[in-house]
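Welcome, and take a moment to look over the sequence and the model.

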Amino acid sequence: MAKDKFAALLPILIGGLANKIIEETHVSEDEALNKLYSSELYSALENEKTKVWTYSVPKLFDLYQAEITTGELNLPEY
């Protein structure tokens, strides 16, 4: 994917995922974003080569929850 398209898509995914975190965990927007930005999942999302940006928001939330619960990020192998 071209860098400019990836740069445009990333904020949309982050916003959707942050909203899902807020809805499911009942935290503030600031807290949701702080937790997301400090996660390994966010680091993977920022890296276009991981292809994590191709996942749906519900799948990203599942990965986020698993990381929070276990302390490590386990990406599915495709």
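H26 sits in the loop between α1 and α2, where helices are DSSP runs (H or I, at least four residues) numbered from the N terminus. This is a predicted model, in which local features need pLDDT of at least 70 and side-chain atom pairs count only at pLDDT 80 or more, while totals for chains, interfaces and linings use all residues. Residues are numbered from 1 along each chain as its sequence is written, and side-chain values use heavy atoms, leaving out hydrogens and water.

**Loop residues with positive phi**

- Most residues other than glycine have a negative phi.
- H26 is not a glycine, yet its phi is positive, at about 55°.
- H26 counts as exposed, with 69% relative accessibility (buried is under 20% relative accessible area, exposed over 50%, partly exposed in between, using a 1.4 Å probe and protein chains only).
- K51, in the loop between α3 and α4, is not a glycine either and has a positive phi of about 65°.
- K51 counts as partly exposed at 40% relative accessibility.

**Where α1 meets α2**

- The axes of α1 and helix α2 (residues 29–37) come within 9 Å and cross at roughly 120°; axes are lines fitted to C-alpha atoms, for helices over the stretch in contact, with angles from 0 to 180 degrees between N-to-C directions.
- The two helices α1 and α2 are therefore oblique to each other (under 35 degrees is roughly parallel, over 145 roughly antiparallel, 65 to 115 roughly perpendicular, and the rest oblique).
- On the α1 side, I14, L17, A18, I21 and I22 make the contact, and on the α2 side E29, A32, L33, L36 and Y37 do; contact means heavy atoms within 4.5 Å.
- Sorted by class, this contact of α1 with α2 has nine nonpolar, no polar and one charged residues (Ala, Val, Leu, Ile, Met, Phe, Trp, Tyr, Cys and Pro are nonpolar, Asp, Glu, Lys and Arg charged, and the others, Gly among them, polar).

**Where α1 meets α4**

- Helix α1 (residues 3–25) and helix α4 (residues 57–70) have axes that come within 9 Å and cross at roughly 60°.
- That makes α1 oblique to α4.
- Among the α1 residues in this contact are L13, L17 and K20, while those of α4 include F61 and Y64.
- Seven nonpolar, three polar and two charged residues make up the contact of α1 with α4.

**An aromatic pair**

- The whole structure holds three aromatic pairs (ring centres of Phe, Tyr and Trp, the last by its six-membered ring, within 6.5 Å; planes under 30 degrees apart are stacked, over 60 edge-to-face, the rest tilted).
- F6 and W53 form an edge-to-face pair, because their ring centres are 6.2 Å apart and their planes are at 75°.
- This pair links distant parts of the chain, with F6 in helix α1 and W53 in the loop between α3 (40–46) and α4, 47 residues apart.
- F6 is buried at 8% relative accessibility, and W53 is buried with a relative accessible area of 13%.
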